[in-house]
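These are my notebook entries on one chain, written while I looked through its sequence and its model. I put down what I looked up, topic by topic.

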Amino acid sequence: MIPSKYQQAIYSWIQTGFGNGIVEAVAGSGKTTTIVNATKVIPADKKICFLAFNKSIAEELKAKLPAHCEASTLNSLGHRAWMRHMQSIKLDANKTSTIMFDCLTADEMRQFGANIKRLVSLAKAHLVVPKSVYADQKIGTEDNEDVWLGFIDKYDIELNIPADVSDKEFQKQTSDCIKLAQRVLELSCEVKNIIDFDDQIYLTTVFKARTGRYDFVFVDEAQDLNPAQMTMIQSLSGRIVAIGDSRQCHPAGTMVEVTGGTRIPIESITAGTQVVTYHDCFRGLKTQGRKVLETSSRKYAGDMLTIHAGKEVVRVTPNHRVPTRLNGKKKCWAIYLMEKDKTTRIGCCVAMYKQGFGPA
């Protein structure tokens, strides 16, 4: 393949430049091809790690990348590092819930349980570290009430506090919720041999477990990284190549669900709009939502696909993945169209595994 001048600039910088770099790659711009070819211009005696957004992408890229390039997710990398650090660990997605049931009363669980679980997850993603741990590790942000208040405000977390209480009582109950979340986070740091998915990155980063060193680290979908992930990546490499799109887009006409159950075109969203999801099957449609901070639009040159499913019509760029619900039809077959470069083929497969979970 003859590279464009933009691709060649990336390859030349990797070969003869220095320091870290960010590659802006909009939808349909040939990002994956560029990344794969970029790893091939690095000498075989250099150690490379490609950090993919999810496990399936990492597995798909392994066949395309050179032998001296490792493909992994950040969670997998962190899990292996923490396994080496602790010798023996157990992965338990319900770790935070278990801790909460042990240290919270039934009334506290009833009023604040869901909020505390979300706050603790946000704290781990933003590398908030309990005071006792921070004193030793000196990493991340030292735990304080203002940090938690910031999460409540930024992520519009509705604490289960009656609307008719006084301002003083509201502040007291908010502070009570935060203190409970702080306690759960502290206990989670103490329970090191049982980890959840947040801990794969959080504990590995906070306690500086050895993740290995690489000459180059390629990071995909860099615009979605949180502070814990960014800190972990910085510990890995001499040079980091981050690839992302700071202005990811959906085309005009895409229907978006907003808090309350209303559907509006994406182009009518403004700062302050409470967006929930793209589809109306989400259970929290009438109550949940995240506030849009700013909006922008840009021109797109490239292919667009139109997907029809019953009365639903969705327009996307070719790199989008569209989740599809099969409505429990375990015995049906799926007919599919696959396109790669200029080759297209039609195939079919059993839609669901016999056990009922899939798709196959």
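I began with contacts along the chain, where contact means heavy atoms within 4.5 Å: of those with a separation of 6 or more, 56% are between residues 24 or more positions apart. The model is a predicted one, in which local features need pLDDT of at least 70 and side-chain atom pairs count only at pLDDT 80 or more, while totals for chains, interfaces and linings use all residues. Residues are numbered from 1 along each chain as its sequence is written, and side-chain values use heavy atoms, with hydrogens and water left out.

**Overall layout.** I noted eleven helices and 17 strands in the chain, taking helices (H or I, at least four residues) and strands (E, at least two) as DSSP runs numbered from the N terminus. The C-alpha trace spans about 65 × 55 × 45 Å along its principal axes. Of the 360 residues, 37% are buried, where buried means under 20% relative accessible area, exposed over 50% and partly exposed in between, with a 1.4 Å probe and protein chains only.

**Nonpolar cores.** I then looked up the nonpolar cores, each a set of buried Ala, Val, Leu, Ile, Met, Phe, Trp, Tyr and Cys residues joined through side-chain atoms within 4.5 Å. The largest has 54 residues, and L51, I116 and F151 have the most contacts inside it. Helix α9 (residues 167-190) gives the most to this core, with eight residues. I116 touches M100, L104, C177, L180, A181 and V184, when residues up to four places away in sequence are not counted. Another core, of 22 residues, lies apart from the largest one and has I14, V23, I35 and A71 among its members.

Leaving aside neighbours within four places in sequence, I found T174 in contact with L149, I152, L159 and I161. A polar atom of the T174 side chain lies 2.9 Å from the backbone oxygen of F170.

**Helix α3.** In α3 (residues 55-62) I marked I57, A58 and L61 as buried. Seen down the helix axis, the buried residues of α3 fall within an arc of 100°, so they line one face of the helix; the arc is that of the directions from the helix axis to the C-beta atoms. These buried residues pack against α2 (31-40), β2 (48-52) and β3 (69-73). At the N-terminal end of α3 I found N54 as the cap, with a side-chain oxygen 2.9 Å from the backbone nitrogen of I57.

**Aromatic pairs.** Rings of Phe, Tyr and Trp (its six-membered ring) pair if their centres lie within 6.5 Å, and planes under 30 degrees apart count as stacked, over 60 as edge-to-face and the rest as tilted. By this rule I counted two aromatic pairs. In one, the ring centres of W82 and F207 are 6.0 Å apart and the planes stand at 40°, so the pair is tilted. W82 lies in helix α4 (residues 74-86) and F207 in the loop between α10 (197-206) and β8 (214-219), so this pair ties together parts that are 125 residues apart in sequence. Both W82 and F207 are buried. For W148 and F151 the ring centres are 6.2 Å apart and the planes are at 80°, so that pair is edge-to-face.

A charge sits over a ring if NZ of Lys or CZ of Arg is within 6 Å of the ring centre and within 35 degrees of the ring normal. I found R239 over the face of W13, 4.5 Å from the ring centre, and the charged end of K47 over the ring of Y214, 5.0 Å from its centre. The side chain of Y214 also makes a polar contact (2.8 Å) with the side chain of E70; such a contact is a pair of N or O atoms within 3.5 Å, where within protein one must be able to donate a hydrogen and the other to accept it, and residues adjacent in sequence count only if both atoms are side-chain atoms. E70 is in strand β3 and counts as partly exposed at 27% relative accessibility. My last entry is D199 in helix α10, which counts as buried at 0% relative accessibility and whose side chain is joined to that of K95 by a polar contact of 2.8 Å.
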